[in-house]
Amino acid sequence: MHTNSLYQEVILDHNRKPRNYGKLDCASHHAVGHNPLCGDRLDITLQLQNDQIDNIAFQGESCAICKASASMMTAAVKGKSRLDAETLIHEFRELATGKLDVNHPHHLGRLTVFSGIRDLPTRVKCAILPWHTLHAALNSIASASTEANNDPVQTVVPDNS
Amino acid sequence: MNPVNVSLKSEISSGFDWEKIRADFPILKLKIDNKPLVFLDNAASSQMPQQVIDRLVRYQTTQHANINRAVHYLSEVATLEYHRARCTLQQFINAREDREVIFTSGTTDSINLVMHGYGRKFIKAGDEIILTTLEHHSNIVPWQMLATEKGAKIRVVPINDKGELEVDEYEKLFNERTKFVGLIHVSNALGTINPIKRMIDFAHQHGVPVLIDGAQAAPHIAIDVQALDCDFYTFSAHKLCGPTGVGILYGKAALLEAMQPFKGGGDMIASVTFEKTIYNTIPHKFEAGTPPIAAAIGFGAAVDYLTAIGIENIAAYESTLLDYATECLNAIPGVRIIGTAAEKTAVISFTIDGIHPHDIGTILNQDGIAVRTGHHCAQPVMQRFNVPATSRASFAFYNKKTEVDALVAGIKTVQKVFL
């Protein structure tokens, strides 16, 4: 795997200037994601109204892959319904673990820049952590972890479609 | 003795040819993405020379059977070779007797053995166990488990900003409740070499036994357990160019005899009835079940190999690599070396401003450079320096200065990507 294809300009740009960075004061949903293997922490707050994500923000300490993934994720799900967000979560996890056939219809758009991560098993968790945390927030689970039963490589997100 | 090592010795005495020694390691010829492998993760596990690989093949093809059991030829040969490996390790650490050397599955297993065999028998409620901030998780967690079970207390020796133990603070921790000391010889995260002799002597003045975790020391420092007068010393084969799955626990015979067994099973007994089991003598009391025979024999071969080169020669060469790498990395703006102890092995933990260690590791890997990134199973050290993780380059005697140059170029590439 050529790492260049992972550290693409779009990922580096989101790492440099993360979108929706911070914490919402009046969040209806909130979750903290944690990857104990590398110490990454991610805090996601969102405002859900009539089952639609009106606003979302993230903050935390993480690597570039995780931060860019979180930034692009927040941009992608803002304004979307909970159901559409869950679909994206599912598709992104399939993408990162190499199970998604990108030739079939999907909703990921530019998020496919993360497809190269499937060749770096140790980094899959970095890319998935934000999505995992979003899933936890939407389902009112206070904290998410990439370890144990929550291992994204093994866990399948419930299919909401 | 392996004849290859004898010829190696004569070569070395006529001057060091580290390139020739490097050629003993077939894995170092690998290419990663068409780039030569630059293996700088030796503190996690070192590579195996052809001599040790050959020894494993010879054992497996001409000497293998279970040991201490049957009367047939192969069983006798395997038993003898396994015992020889024990004697090789005994000499390597200058233990008084071979029965003071117990084969375990590695350092973690050894520490758990002491926790169960010594700790659970002798540590009581209210007792105190002294550990240090530099300990690997494997010398923290077993003692925490014991402390929870017994109602004992863990006291922790702090470190200074260079990553050196504050020995004065260590000495202040002692009181009449202090019953055990667990001490890492060389920090895996920072490379700090601890003044263990002084610390062992101080503990002994208070009648307290000391376990030394030597996993990172044995590959780089000549160990003399009698001179150190430590009560327990442990390390793993795979950090000494040997196989995974085996290590040793050295313990003073009187202590080992006073301890309770850790694991029950075959080989560790003298006689068994359903009413009563009489335990075997040491070291067998602590080697229940079929041991890692091949790995132990490979361990012996690895120690022979290193002894032929000479641990002092290895240390001297590695320290030139450390000095060069330290100078080179210090010269790169934005790079910060974590752990700057006066006494260090060839380990450099570092951070790069604004760049997460995992990104550093992935991009270095693109150039074939293997470093460790993460908390190095030493989270208290990371917390002390207020970093979530570091990148760590750890050198072995088969590394060379051009590989330091490759690391420097790799770090500059990383910085360019994140500019």
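Two strands pair if DSSP finds at least two bridges between them; helices (H or I, at least four residues) and strands (E, at least two) are DSSP runs, numbered from the N terminus. This is a predicted model, in which local features need pLDDT of at least 70, side-chain atom pairs count only at pLDDT 80 or more, and totals for chains, interfaces and linings use all residues. Residues are numbered from 1 along each chain as its sequence is written, while chains are lettered from A and ligands numbered from 1 in the order in which they are written.

**First stop: strand E10 of chain B**

Select residues 247-251 of chain B, which form strand E10. Strand E4 (residues 101-104) of chain B pairs with E10(B) in the antiparallel sense over 4 bridges, and Ile102(B) has Leu249(B) as its bridge partner.

Are the residues of E10(B) buried or exposed? In E10(B), 5 of 5 residues are buried (20 or more other C-beta atoms, placed from the backbone, lie within 10 Å of the residue's own). Gly247(B), Leu249(B) and Gly251(B) lie on one side, and Ile248(B) and Tyr250(B) on the other.

**Second stop: an open sheet in chain B**

Next, select the 4 strands in the order E13-E14-E17-E16 of chain B, an open sheet with antiparallel pairing. Its edge strands are E13 (335-338) and E16 (372-374), each pairing on one side only. E13(B) is joined by 4 bridges to strand E14 (residues 347-352) of chain B, and Val335(B) has Ile352(B) as its bridge partner.

Notes. Buried ≥ 20, exposed ≤ 12 C-beta atoms within 10 Å, placed from the backbone.
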